[in-house]
Amino acid sequence: MTKARPIDPEEIAPHANRFWEKVDTDDESGCWLWVAAKKKGGYGVFRISKRVYTASRLAWVYANNIDVPPTLKVMHLCDNPACCRPDHLTVGTQHSNMTDMRMKGRATYVNGEAHGGTSLTAKQVIAMRREYAQGNMTQRELAEKHGIPKGTLASILAGDNWKRVGGPIVKRGNKAEAHHSAKLTADQVLEIRERYAAGGIRYKELSKKYGVNIAMIGNIVRGLAWRHADGPIKGVDY
């Protein structure tokens, strides 16, 4: 097993503002979602100088002001790889992490209800995806209805869990686009892109000015929302 590189809390401290502006703390799932670059599995990545770190690990270090012990790994209590909310993160051994993945049905060789530890069936998963796609319930309401954590529901709806099961998949950010894009005009989208491209302004500031969440600002700037609107499109933002 490859050991993660040590993280010096003092060394990463100057980059804290740049890190947290890439986190959406307003998602209805209750998770704080990473809205910038991700690696395989949906885990956020963040570049400091020439090194790339896993976002959830950095979030834990920022919150605790110490490095993760070398024999331990950061684990998501919410089962949401994109989450950076400190109280949704804990540390454990590789063995405990794999055990947790198996119990939640995230190990690559486990397929949903085929694992004895899962409490959901494929039929329930499909029903939840269909209910959410209809737009009549929030993730919070749907999670409460089915008695599961909001983070787990978000992973199911996005297809991160139960990948081989049917039902409409709502990728993270698409629901936000449906709700928030109506607040904006094409002229405002153009203005957002031009202001961000000019530099000196952050996602959080644009979010407050235009009344949409940080994730939507990120999607607009990178061309993931309002694809047909004018304005400079930023590439993958580390």
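Is Ser49 buried or exposed? Ser49 is exposed, with a relative accessible area of 64%. That value, like every other here, comes from a predicted model. Ser49 sits in the loop between strand 3 (45–48) and strand 4 (51–54). Its backbone also deserves a look. Phi of Ser49 is near 60 degrees, a positive value in a residue other than glycine. Most residues other than glycine have a negative phi.

Now step back to the whole chain. The protein has 11 helices and six strands. Of its 238 residues, 44% are buried. Contacts can be sorted by how far apart the partners lie in sequence. Among contacts with a separation of 6 or more, 57% join residues 24 or more positions apart.

Asp79 has 2% relative accessibility, so it counts as buried. Ser49, at 64%, is exposed.

Next, go to helix 11 (residues 214–221). Eight of its eight residues are buried, so helix 11 is largely enclosed by the rest of the structure. The buried residues are Ile214, Ala215, Met216, Ile217, Gly218, Asn219, Ile220 and Val221. Gly223 follows the helix, and its phi is positive, near 80 degrees.

What is the angle at which helix 9 and helix 11 cross? The axes of helix 9 (residues 186–198) and helix 11 cross at roughly 80 degrees and come within 9 Å. The two helices are therefore roughly perpendicular to each other. Helix 9 brings Val189, Ile192, Arg193 and Tyr196 to the contact, while helix 11 brings Ile217, Ile220 and Val221. Six of these contact residues are nonpolar, none is polar and one is charged.

Leaving aside neighbours within four places in sequence, Asp24 is in contact with Cys31, Trp32, Leu33, Val35, Asn213, Ile214 and Ala215. Ile214 and Ala215 are among the buried residues of helix 11. Asp24 is itself buried, yet has no salt bridge. The nearest side chain of opposite charge is Lys204, 9.8 Å away. A salt bridge here requires a nitrogen and an oxygen within 4 Å.

Other charged side chains do find partners. The count comes to four salt bridges. One of them joins Glu21 to Arg202, with the closest N and O atoms 3.6 Å apart. Glu21 lies in the loop between helix 2 (16–20) and strand 1, and Arg202 in the loop between helix 9 and helix 10 (203–210), so the pair ties together parts that are 181 residues apart in sequence. Glu21, at 10% relative accessibility, counts as buried. Arg202, at 40%, counts as partly exposed.

Lys145 and Glu131 form another salt bridge, with the closest N and O atoms 2.5 Å apart. Lys145 lies in helix 6 and Glu131 in helix 5 (residues 122–133), so this pair ties together parts that are 14 residues apart in sequence. Lys145 is exposed, with a relative accessible area of 53%. Glu131 is buried, at 16%. Asp87 and Arg85 also meet in a salt bridge, 2.7 Å from N to O. Arg85 has 25% relative accessibility and counts as partly exposed.

Finish in helix 6 (residues 139–146), which also holds Gln139. Gln139 is buried, with a relative accessible area of 9%. Which residues does Gln139 touch, not counting those up to four places away in sequence? The residues are Asp27, Glu28, Ser29, Tyr132, Lys150, Leu153, Ala154 and Leu157.

Note on methods: Residues numbered from 1 in each chain as written. Predicted model: local features only at pLDDT ≥ 70, side-chain atom pairs only at ≥ 80, totals over all residues. Heavy atoms only, no water. Axes fitted to C-alpha atoms, helices over the stretch in contact; angles between N-to-C directions. Helix = DSSP H or I, 4+ residues; strand = E, 2+ residues; numbered from the N terminus. Parallel < 35°, antiparallel > 145°, perpendicular 65-115°, else oblique. Contact = heavy atoms within 4.5 Å. Nonpolar A, V, L, I, M, F, W, Y, C, P; charged D, E, K, R; others polar. Buried < 20%, exposed > 50% of the residue type's maximum accessible area, 1.4 Å probe, protein only. Lys, Arg positive; Asp, Glu negative; His and termini not counted.
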